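Please keep the sequence and the coordinates at hand.

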Amino acid sequence: MRHGWQDGTVSAPTFYDAVGGEPTFRRLVDKFYEGVAEDPLLKPMYPEEDLGPAADRLTLFLMQYWGGPSTYSESRGHPRLRMRHAPFVVDAAARDAWLLHMRVAVDSLELPEQLRTQLWEYLERAAYFMVNRLDPAEPTP
């Protein structure tokens with residue numbers, strides 16, 4: 001349960017709380033970036049040699065999206081995900097590689113089925129949303 005520190009109200013737990021908060025999101029993102037670090041298609045999209053800063057940004061974004069602290073917005077402003085990824089070719093192959101590594105990461109959390117499905121469905125929608133280059137054989141979204 002979340003407690004309102006200003007007025008003493010109690011609200012239902014968020015998804016963030018239900019999955020275990022920050023430690024769970026850190027495990028998710030760490031596992032995801034293990035795959036990215038070895039991926040010949042995705043790794044070049046990260047200009048920093050160290051994937052740590054990218055992992056921190058993704059962790060903070062996901063934590064905030066799912067009801068955790070608003071640290072991401074406080075430090076980076078509005079997510080503007082498509083704009084931030086515009087310099088990179090995000091085609092079907094990149095989307096599928098991203099989803100492959102994220103699937104491994106989500107499964108590694110061993111969440112209850114309902115929570116795992118909820119998380120996965122969001123990540124899958126987000127991956128399709130981020131595509132900015134259509135392949136000729138790929139249907140228009």
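## Chain overview

In what order do the elements of the chain run from the N terminus on? The order is β-β-α-α-α-α-α-α-α. That comes to 7 helices and 2 strands. The model is predicted.

The chain has 141 residues, and 38% of them count as buried. Its accessible surface is about 8500 Å². Carbon and sulfur atoms hold 56% of that surface. Take the contacts with a separation of 6 or more: 62% of them join residues 24 or more positions apart.

## Helix α2 against helix α3

Two packed helices are described by the angle between their axes and the distance between the axes. Helix α2 covers residues 22-37, and helix α3 covers residues 52-65. Their axes lie 9 Å apart, at an angle of about 140°. An angle over 145 degrees would count as roughly antiparallel, and 65 to 115 as roughly perpendicular. α2 and α3 are therefore oblique to each other. The crossing of α2 past α3 is right-handed.

On the α2 side, the contact uses Glu22, Phe25, Arg26, Leu28, Val29, Phe32 and Tyr33. On the α3 side, the residues are Ala54, Ala55, Asp56, Leu58, Thr59, Leu60, Leu62 and Met63. By class, the contact of α2 with α3 has 11 nonpolar residues, 1 polar and 3 charged.

## Thr59

Thr59 is part of helix α3. Is Thr59 buried or exposed? Its relative accessible area is 1%. Buried means under 20%, so Thr59 is buried.

Which residues does Thr59 touch, leaving aside its neighbours within four places in sequence? The contacts are Phe25, Arg26 and Val29.

## Helix α2 against helix α6

α2 also packs with helix α6, residues 92-108. Here the axes come within 8 Å and cross at roughly 140°. That makes α2 oblique to α6. α2 passes α6 in a right-handed crossing.

From α2, the contact takes in Leu28, Lys31, Phe32, Gly35 and Val36. From α6 come Trp98, His101, Met102, Val104, Ala105, Val106 and Ser108. The residues of the contact of α2 with α6 are 8 nonpolar, 3 polar and 1 charged.

Note on methods
Residues are numbered from 1 along each chain as its sequence is written. This is a predicted model: local features need pLDDT of at least 70, side-chain atom pairs count only at pLDDT 80 or more; totals for chains, interfaces and linings use all residues. Side-chain values use heavy atoms; hydrogens and water are left out. Axes are lines fitted to C-alpha atoms, for helices over the stretch in contact, and angles run from 0 to 180 degrees between N-to-C directions. Helices (H or I, at least four residues) and strands (E, at least two) are DSSP runs, numbered from the N terminus. Angles under 35 degrees count as roughly parallel, over 145 as roughly antiparallel, 65 to 115 as roughly perpendicular and the rest as oblique. A crossing is left-handed if the near helix is turned anticlockwise from the far one by less than a right angle, and right-handed if clockwise. Contact means heavy atoms within 4.5 Å. Ala, Val, Leu, Ile, Met, Phe, Trp, Tyr, Cys and Pro count as nonpolar, Asp, Glu, Lys and Arg as charged, and the others, Gly among them, as polar. Buried means under 20% relative accessible area, exposed over 50%, partly exposed in between (1.4 Å probe, protein chains only). Accessible areas come from the Shrake-Rupley method with a 1.4 Å probe; for residues, only the protein chains shown count as cover.
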